[in-house]
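Student: I am new to this structure and would like to learn how to read its features. Could you take me through them one by one?

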Amino acid sequence: MTFYPLAPSEMSPDWLPHAKVIGLESDRQYGVAVLEHLYDEFARRARIIKPYGDNIAAYRRKVPDATMPRVVAIIDEFHVLFEEDDATTARAVQLLERLARRGRAYGIHLVLASQTISGITSLMAKQDGIFSQFPIRVALKNSASESRAVLDPHNSEAARLRFRGEAVVNVDFGQPEGNRRAIIAAADPAEMERLRHGWWSRREPTAEPPAVFNGGESVTLLSVIPNLIELRARARVDQASPTALVGTPIAVARWPVGAALPATPGRHLAVVGAGKRAVPYGASRAIEPDLAVGALHTAAISLALQHPRGDAQFTILNYLGEAESKQNGMPYLVDVLQHLGFTPVVHSVADATAALRQIAKDLTSRVVDSTTAHYVLAVAVDRAGTLENPDEMFAKPVDDLRSVLRDGPARRTHVLGWWSSVGMFKSHLGYDAATGIDTILALRVEQRDVTDLMGHSVAWSPQDNRGLLFDRTQLAQPVAIVPIAPLDHISHAVLLRTEWDQR
């Protein structure tokens with residue numbers, strides 16, 4: 001079984017109209033995010049329904065004109081949620097138990113599917129609280145122990161099934177006397193496609209496609225264009241501090257997240273670590289863009305769009321080589337910024353450090369609370385070599401970087417930098433490594449370095465296509481995100497064609 005045909009795609013533009021959220025290649029974090037979303041919906045419905053009774057049926061009788069559809073959550077391979085002994089598993093168990101006990105009274109129903117549930121230690125203590133809420137149980141041919149885990153401790157009937165497709169259907173909480181043998185209907189792909197297309201053709205004119213989360217797929221700027229348009233519309237009427245977006249949260253409502261940049265100390269963004277996929281030892285690595293660069297692209301473009309009056313300037317200190325710059329779409333970034341009305345000043349590795357010194361020098365004459373923001377994109381800063389070497393006047397480039405970090409925000413100058421080496425990042429910031437930059441996006445960073453940067457209470461395991469966003473003043477705790485990929489020829493062309501002032 002696959003959920004891919006239920007979602008819109010280039011190969012299949014139709015989608016299941018009554019599906020609101022579809023997870024493709026989901027992971028444990030997204031599974032918990034969906035359970036959180038369902039529990040929030042349960043709490044919302046409880047507030048509405050309680051004045052009229054204790055369940056959705058009573059509410060519908062007393063408020064017949066109200067719209068409150070039932071929600072069916074189908075979780076395939078749900079046992080994956082509980083594979084690790086960690087906080088994610090603990091929260092998943094807690095939410096699943098609450099929804100199983102109380103959700104159906106408010107029209108929220110769960111369908112759990114798995115190849116195995118025996119041996120899931122995290123569920124043992126909560127098994128009665130969760131599975132006792134499921135009167136309908138279906139078991140395909142399996143071992144006696146698995147049959148007892150699915151149906152009832154005294155019901156091993158699924159081990160006696162004879163062939164594939166035969167199943168025990170039990171509507172009496174797994175009690176042996178409730179067993180019924182049945183043949184599971186085959187879902188013919190052509191027939192399912194016909195049905196889906198028929199439902200799609202009869203959808204409401206205002207129906208929107210489901211929110212789709214694909215854990216293994218990179219997110220591009222194209223997926224957040226509606227959010228960027230809304231940010232720009234807000235910026236025309238609201239004087240709030242702009243936000244440098246970097247990626248999307250692992251959540252059902254996926255408004256992109258990033259670093260707010262007010263004129264207060266520490267308001268810079270550091271991307272730390274490499275954003276390329278892990279490659280097994282000995283395997284060759286295909287040339288691919290780095291998500292760290294994508295985060296900076298997204299930050300720069302989102303900031304440019306939040307300055308509709310043109311009151312910003314961009315300086316790019318690019319320490320990447322020419323070939324790697326092209327591979328990571330740096331020319332596309334410059335082109336998009338120019339299209340939006342900004343002419344970024346670009347410095348290559350040959351003169352980027354000298355430009356950093358000039359930026360630090362110019363800060364002394366820059367007006368506090370300047371009306372024009374200055375965004376300094378420092379790409380692959382650790383490629384600059386050592387910034388500790390003094391010049392003939394015994395001045396060190398690292399001191400220029402630190403002065404910009406220290407004094408920049410009050411003068412509307414903000415650094416958006418990428419260090420692939422955590423060690424070099426800490427060396428450049430010195431004793432301020434933990435406080436000089438408020439917002440840190442960690443990519444493939446090991447736990448010991450995350451502890452140094454974000455604190456002992458933060459647990460993190462490096463993953464492909466994931467980042468951990470930490471903001472000491474804006475977020476209660478770090479959040480896992482999907483970083484947005486660098487610009488390519490497709491996203492570049494679409495951004496140039498987009499009408500940004502349509503709202």
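Tutor: Gladly. Let us begin with Ala380, which is found in the loop between β13 (373-379) and α13 (397-407). Helices (H or I, at least four residues) and strands (E, at least two) are DSSP runs, numbered from the N terminus. Keep in mind that this is a predicted model, where local features need pLDDT of at least 70, side-chain atom pairs count only at pLDDT 80 or more, and totals for chains, interfaces and linings use all residues. Residues are numbered from 1 along each chain as its sequence is written, and side-chain values use heavy atoms, with hydrogens and water left out.

Student: Is Ala380 buried or exposed?

Tutor: Buried means under 20% relative accessible area, exposed over 50%, and partly exposed in between (1.4 Å probe, protein chains only). Ala380 has a relative accessible area of 1%, so Ala380 is buried.

Student: What is the phi of Ala380?

Tutor: Most residues other than glycine have a negative phi. Ala380 is not a glycine, yet its phi is positive, about 60 degrees. Arg412 also has a positive phi of about 60 degrees without being a glycine. You will find Arg412 in the loop between α13 and β14 (413-419), and Arg412 is buried at a relative accessible area of 16%.

Student: How do I read a pair of aromatic rings?

Tutor: A pair of aromatic rings is described by the distance of the centres and the angle of the planes. Rings of Phe, Tyr and Trp (its six-membered ring) pair if their centres lie within 6.5 Å; planes under 30 degrees apart count as stacked, over 60 as edge-to-face and the rest as tilted. Nine aromatic pairs occur in the structure. For Tyr30 and Phe213, the ring centres are 4.1 Å apart and the planes are at 10 degrees, so this pair is stacked. The pair links distant parts of the chain, 183 residues apart, with Tyr30 in helix α1 (residues 28-49) and Phe213 in strand β7 (residues 211-214). Both Tyr30 and Phe213 are buried.

Student: How are the rings of Phe314 and Phe342 arranged?

Tutor: Their centres are 5.4 Å apart and their planes at 75 degrees, so the pair of Phe314 and Phe342 is edge-to-face. Phe314 belongs to strand β11 (residues 312-318), while Phe342 is in the loop between α11 (330-339) and β12 (345-347). Phe314 is buried, at 2% relative accessible area, and Phe342 is buried at 4%.

Student: What about charged side chains?

Tutor: Side chains of opposite charge can pair when their charged atoms come close. A salt bridge is a side-chain nitrogen of Lys or Arg within 4 Å of a carboxyl oxygen of Asp or Glu. The structure holds 24 salt bridges. In one of them, Arg267 meets Asp438 at 3.1 Å, N to O. The partners are 171 residues apart: Arg267 sits in the loop between β9 (257-260) and β10 (269-272), and Asp438 in the loop between α14 (422-429) and β15 (439-442). Arg267 is buried at 1% relative accessible area, as is Asp438 at 5%.

Student: Which residues are linked in a network of salt bridges?

Tutor: Glu157, Arg160, Arg162, Glu166 and Arg181 are linked in this way. Within it, the side chains of Arg160 and Glu157 meet at 3.3 Å, N to O.
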